[in-house]
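User: I would like to learn how to read a protein structure. Please take me through it one feature at a time.

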Amino acid sequence: MTEENINLKDSLNKIKKIVDWFENREDVDVEAGLDKVKEGVKLIKMSKKRLGELENEFKKVKEDLKESSDFEDEDI
């Protein structure tokens with residue numbers, strides 16, 4: 001998974017699987033656990049970055065809508 005094509009739904013599902021993996025272990029393999037933690041951290045970082053990008057896109061759409069509404073009001 002690259003940062004350019006992260007899908008938040010898929011990322012959250014993968015994070016949930018990691019959490020489930022830890023919750024369903026009686027004996028945790030330390031090396032495997034560390035790998036899972038690293039994977040989770042990577043997913044969280046990519047998800048936070050994507051959420052920021054989406055937030056900026058929403059702000060732009062909102063601003064475009066506001067500008068469009070202002071223009072229409074002046075035409076009346």
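Analyst: Start with V28, which sits in the loop between α1 (8–23) and α2. Helices (H or I, at least four residues) and strands (E, at least two) are DSSP runs, numbered from the N terminus. This is a predicted model, in which local features need pLDDT of at least 70, side-chain atom pairs count only at pLDDT 80 or more, and totals for chains, interfaces and linings use all residues. Residues are numbered from 1 along each chain as its sequence is written, and side-chain values use heavy atoms, with hydrogens and water left out.

User: How many helices and strands does the chain have?

Analyst: The chain has 2 helices and 0 strands.

User: Is V28 buried, partly exposed or exposed?

Analyst: Buried means under 20% relative accessible area, exposed means over 50%, and partly exposed is in between (1.4 Å probe, protein chains only). V28 has 42% relative accessibility, so this residue counts as partly exposed. Across the chain of 76 residues, 13% count as buried.

User: Which residues make the nonpolar surface patch?

Analyst: A patch is made of residues with over 30% relative accessible area and no salt bridge; like charges are joined within 9 Å, and nonpolar side chains (Val, Leu, Ile, Met, Phe, Trp, Tyr) within 5 Å. Here F22, V28, L34, V37 and V41 make a nonpolar patch of about 380 Å². Helix α2 (residues 30–75) gives the largest share of that patch, 3 residues. Accessible areas come from the Shrake-Rupley method with a 1.4 Å probe, and for residues only the protein chains shown count as cover. The chain exposes about 6600 Å², of which carbon and sulfur atoms supply 54%.

User: What makes up the largest nonpolar core?

Analyst: A nonpolar core is a set of buried Ala, Val, Leu, Ile, Met, Phe, Trp, Tyr and Cys residues joined through side-chain atoms within 4.5 Å. In this chain the largest one has 5 residues: I6, I15, I18, L43 and M46. At least two residues of this core come from each of α1 and α2.

User: Which side chain makes a polar contact with S47?

Analyst: A polar contact is a pair of N or O atoms within 3.5 Å; within protein, one must be able to donate a hydrogen and the other to accept it, and residues adjacent in sequence count only if both atoms are side-chain atoms. The side chain of S47 makes one with the side chain of S11, at 2.7 Å. S47 is in helix α2, while S11 is in helix α1. S47 is buried because its relative accessibility is 8%, and S11 is buried with a relative accessible area of 0%.

User: What else does S11 touch?

Analyst: Contact means heavy atoms within 4.5 Å. Not counting residues up to four places away in sequence, S11 touches I6, L43 and S47. On the same terms, S47 touches I6, L8 and S11.

User: How many salt bridges are there?

Analyst: Side chains of opposite charge can pair when their charged atoms come close. A salt bridge is a side-chain nitrogen of Lys or Arg within 4 Å of a carboxyl oxygen of Asp or Glu. The whole structure has 5 salt bridges. Among them, E53 pairs with R50 at 3.2 Å between the closest N and O atoms, and R50 pairs with E57 at 3.5 Å. E53 and R50 are 3 residues apart in helix α2, which means about one helical turn separates them. Another bridge joins K59 and E55 (3.7 Å, N to O). Through shared partners, salt bridges join R50, E53 and E57 into one network.
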